[in-house]
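Student: Please take me through the pockets of this model, with a close look at what lines them.

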Amino acid sequence: MSRIDEAYAVAGSANAGSVGILADAGAMVSEARLPNAPVLHVPKRRKLSNRKATLACFVGTVVLLTALVVAGRLVEPAAMATDFAMKNLPPSLAHPFGTDWMGRDMLLRTLAGLSTSVLVGLLAAAASSVMALVLGTVAAVGGRRADAVVTWLIDLLMGVPHIVLLILISCALGKGFWGVTIGVALTHWANLARVVRAEVLQCRQSPFVAAAAKLGATRTQVAWRHMVPYVLPQFLVGLVLLFPHAILHEAAITFLGFGLPPEQPAIGIILSESMRYLTSGMWWLAVFPGLALVATVLLFDAAGGSLRKLADPRSAQE
């Protein structure tokens, strides 16, 4: 055996010895390990993602608003029932919002009034958003003349106070439910039309639209496959955010006497009638309906904010 072979043999025996020592040490450590040793680190529970929480918030607000409208429609006959033996009662367990000077339950009247206001806001916001979508798109793709005409209409509408123009349109149409709805729809499309116009113009100048046109896509294909997905999120957010403005303006002109008729339950009528009784100490006639109106507007605002976060990829996980 040469010296090289002897060196390899010595090194192999040394490695085998070290492996045996390590195995014996591992066995001793495993025997010495306590069976109930405390865990030094426990992984945290996975929290609900921000996107799922935002979606849950949006669905929850929609469910609450839907329940409000349905409940208001169901209790409307009872809200108009009078009982003079129960008039001017303060808030109690039987009447949480108290009763008015005709013995009507204020909780039922508030629910019916909010239901009416929400329906006016839904119809007015839907009609106004369609007008904004059409006019904003025409301004963006119709050439300079169409853009100038639509821009002039937007500036003209925004130059007149909403409430004044709304009163004029409502009175010209005979007031009532449809007069208020049409008036709100005709006075609230300008801001959303400006947003739609800007989004369509930005989309037309995008590289992917130019690439699609170079590849032979028609205008209809470009509009449907590229412009609609690009503009739709902003349009939906603007539509939802129109609701609180429409509800507040409906309540405002009804409060001033230019909106819904007095026999119809509405928040504006309830607040207007309660002004005569505040000096008599019947504070509940105005406080609870006013708080309910603010809560409804905040629900719409929360729904719009949640939808904006869901539609915008940059803020979806905020």
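Predicted model: local features only at pLDDT ≥ 70, side-chain atom pairs only at ≥ 80, totals over all residues.

Tutor: The greatest contribution to the second largest pocket comes from α10, with seven residues. By residue class, the lining of the second largest pocket holds seven nonpolar and eight polar residues, and no charged ones. The volume of the second largest pocket is about 290 Å³.

The largest pocket can be described in the same terms. Its volume is about 460 Å³. The lining of the largest pocket consists of 19 residues, with Val 141, Arg 219, Val 222, Ala 223 and Met 227 lying nearest the centre. At least two lining residues of the largest pocket come from each of α4 (106-141), α8 (190-204), α9 (207-214) and α10 (219-256). Among these helices, α10 again gives the most, here with eight residues. The lining of the largest pocket is made up of 15 nonpolar, two polar and two charged residues.

Taken together, α10 is the top contributor to the lining of the largest pocket and also to that of the second largest pocket. Charged residues number two in the lining of the largest pocket, while the lining of the second largest pocket has no charged residues.

Terms used. Residues numbered from 1 in each chain as written. Heavy atoms only, no water. 1 Å grid on protein atoms, 1.4 Å probe; cavity = no way out; pocket = protein on both sides within 12 Å on 5 of 7 lines; lining within 4 Å. Points joined across faces, edges and corners; volume = space filled by probe spheres on them. Helix = DSSP H or I, 4+ residues; strand = E, 2+ residues; numbered from the N terminus. Nonpolar A, V, L, I, M, F, W, Y, C, P; charged D, E, K, R; others polar.
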